[in-house]
Amino acid sequence: MAEALLTLRLMFPDASTEALQAVLQVSGSDVHAATEYLLSDEGGQPSPTAEGGEEAQENSGGEAEAEGDGGEGSEEEEEAEEEEEEPLPAKRLKTVEPSPEANFVGKKANLVLFDSRMLKKTYLELLNLPLSKLVHTSVTMWSDDVTETEAALGMLDAGMLDAGRAGWWVQYFPIAEIDHVWRLLVSAHLTSKLFGKVVHVTATSFRTDSGGDFEVRLLVSDVDEVTDLKRIGAGLLSVAPSSTARDFIFFLRVPLKPGQRESKTRLEEKSIFKLSKERRKEAEKVPGRPFQFTDPDRLIYRLYKVEPSTPTKWVLVEGQ
């Protein structure tokens, strides 16, 4: 139960350990069942946060702490801090190269697409990779259970997305925070398994002095699985919440194309789902149910679906 409890603590840091243990006990230590209950109105949904990914990193073993985010940082990061605070010349931006096979001995490796180049990278390599120093403008990362390149690219296939069962949650962050958010995404995706199968990050440039935003997408394979749809969206909405003023995100069924970024101004009119972070109203409390979080001010997540006749009108999805 320890691993299941850690996962729930990362997703619901506001909940007490005793409450999470109780939910796991009645759910038979099934993390998905426990998550479904906690995300429901009955569970009262404490706020999940992918910033807990940093905690996951601390709990993923001494090696990760020493080489990852344990305070020392990589040699490359220390050198970067000592450099003058001037824009990095284009000629010094790096292209990610294949890792030596020795790096993978006894370790899991993940498929990662840098622009159009597919490589394998370990968790620590990805955690210590500063996107702001790369010449690339697009990075797509798969979960460690996706091991074949053909299968990985098939998940991005337009035919699958056009079939109407898959799509993307989309969020934007300031480019100045690209490296911080990237570390949170890597940790939450590869250690906490919060984000499903695919994480996609893109910008016109990852340089922190380029200005503007960068886009993050999370793939949902089946929108009929409301629990996964809501869980993955809540994870993305909770990444570095202080970096964005929005308390909601939108879901698209648009296929992913090379170099594609969705227009922020047209995002809502193209979306079919909206996930909103709200506070429970006093009248919504349902007292007396076991393990319920009764704090009316606790954050909850509401899933809405677009009204087909009015593209900007949203209706609450039933069964939450």
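1. Basis. The model is predicted: local features need pLDDT of at least 70, side-chain atom pairs count only at pLDDT 80 or more, and totals for chains, interfaces and linings use all residues. Residues are numbered from 1 along each chain as its sequence is written, and side-chain values use heavy atoms, with hydrogens and water left out.

2. Salt-bridge count. A salt bridge here is a side-chain nitrogen of Lys or Arg within 4 Å of a carboxyl oxygen of Asp or Glu. The count by this rule is eight.

3. Asp144 and Lys108. These two form a salt bridge, with the closest N and O atoms 3.8 Å apart. The pair links distant parts of the chain, 36 residues apart. Asp144 sits in the loop between β3 (138-142) and α8 (149-154), and Lys108 in the loop between α6 (75-82) and β1 (109-114). Helices (H or I, at least four residues) and strands (E, at least two) are DSSP runs, numbered from the N terminus. Lys108, Asp144 and Lys193 are linked in a network of salt bridges.

4. Exposure of that pair. Buried means under 20% relative accessible area, exposed over 50%, partly exposed in between (1.4 Å probe, protein chains only). Asp144 counts as partly exposed because its relative accessibility is 21%. Lys108, at 59%, counts as exposed.

5. Asp145 and Lys197. Their side chains meet in a salt bridge (2.2 Å, N to O). Asp145 lies in the loop between β3 and α8 and Lys197 in the loop between α10 (178-190) and β5 (198-202), so the pair ties together parts 52 residues apart in sequence. Asp145 is partly exposed at 46% relative accessibility. Lys197 is also partly exposed, at 29%.

6. Glu215 and Arg217. This salt bridge spans 2.8 Å, N to O. Both residues are buried.

7. Main core. A nonpolar core is a set of buried Ala, Val, Leu, Ile, Met, Phe, Trp, Tyr and Cys residues joined through side-chain atoms within 4.5 Å. The largest has 68 residues. Among those with the most contacts inside it are Trp142, Trp182, Val201 and Phe273. Helix α10 gives the largest share of this core, eight residues.

8. Val201. Beyond its neighbours within four places in sequence, Val201 is in contact (heavy atoms within 4.5 Å) with residues including Leu131, Trp182, Phe214 and Glu215.

9. Second core and α2. A separate core of nine residues includes Leu8, Ala15, Leu20 and Leu38. In α2 (residues 17-26), Leu20 is buried, as are Ala19, Ala22, Val23 and Leu24. Gly28 follows α2 and has a positive phi, near 65 degrees.
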